[in-house]
Amino acid sequence: MALTSYQFRNQPYWLGFVFAGQAFTFSYREVIPPGESLNIQISTGKETITHVPNRTIVSQGEQLGIKLIKSPSFTPGKKRIEVINLDDRSKIQAATSFLANASSVYGGTVLEESMIPRFAFTQGGSPVESALFERILQYDTNYILSITNEGYYPTNVLVSMAFYESGN
């Protein structure tokens, strides 16, 4: 989606789901052994609300269980996931951060529970959920996106998320 107006260069404005200079994306890929989980820690900014209008999770072939958990107890991950600003002209950095491989996750409030069913011939899929939802994350809060391999074999998993940040 091209941004052509410079009138509001330093002010966010609505353009589809994108606020100019405040729209971001990340992608992360990992092999998950059977019965194991990929836990992605999502930490929102102190005065920033994170809007997630698009999230895709693709499995190589095994069934995945997916949970989004608000404010759980956990040991933080150490692998930072790079966030990319979708407005190449902007120098704004995301206030929301993502770390892979959080561990010892327990407690919290489960906000979402979905799955990706196993497909024949190792073709991927997408979560069984509405394609037109927008998840809004509270400011200054930790979330865990937990993706569990419920199958019998290791599987490649790709997580891709587009999000934007606002002050309200």
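The model is predicted.

**Nonpolar core**
- The largest nonpolar core has 24 residues.
- Ile 40, Ile 42, Ile 57, Phe 98, Leu 145, Ile 147 and Val 159 have the most contacts inside this core.
- Several strands give two or more residues to the core, among them β4 (37-43), β10 (97-100) and β14 (142-149).
- In soluble globular proteins, nonpolar side chains tend to be buried together.

**Open sheet**
- Five strands make an open sheet, ordered β9-β3-β15-β5-β13, with antiparallel pairing.
- Its edge strands are β9 (84-85) and β13 (135-137), and each pairs on one side only.
- Two bridges join β3 and β9 in the antiparallel sense.
- Phe 24 stands opposite Asn 85 in β9.

**Salt bridges**
- There are four salt bridges in the structure.
- Lys 46 and Asp 140 meet through their side chains at 3.6 Å, N to O. Lys 46 lies in the loop between β4 and β5 and Asp 140 in the loop between β13 and β14, so this pair ties together parts 94 residues apart in sequence.
- Lys 46 is exposed, at 63% relative accessible area, while Asp 140 is partly exposed, at 45%.
- Glu 112 and Arg 55 form a salt bridge at 2.6 Å, N to O. Glu 112 is in strand β12 and Arg 55 in strand β5, so the pair links parts 57 residues apart in sequence.
- Glu 112 is buried at 10% relative accessibility, and Arg 55 is buried at 10%.
- Arg 55, Glu 112 and Arg 135 belong to a network of salt bridges.

How values were computed
Residues are numbered from 1 along each chain as its sequence is written. This is a predicted model: local features need pLDDT of at least 70, side-chain atom pairs count only at pLDDT 80 or more; totals for chains, interfaces and linings use all residues. Side-chain values use heavy atoms; hydrogens and water are left out. A nonpolar core is a set of buried Ala, Val, Leu, Ile, Met, Phe, Trp, Tyr and Cys residues joined through side-chain atoms within 4.5 Å. Buried means under 20% relative accessible area, exposed over 50%, partly exposed in between (1.4 Å probe, protein chains only). Helices (H or I, at least four residues) and strands (E, at least two) are DSSP runs, numbered from the N terminus. Two strands pair if DSSP finds at least two bridges between them.
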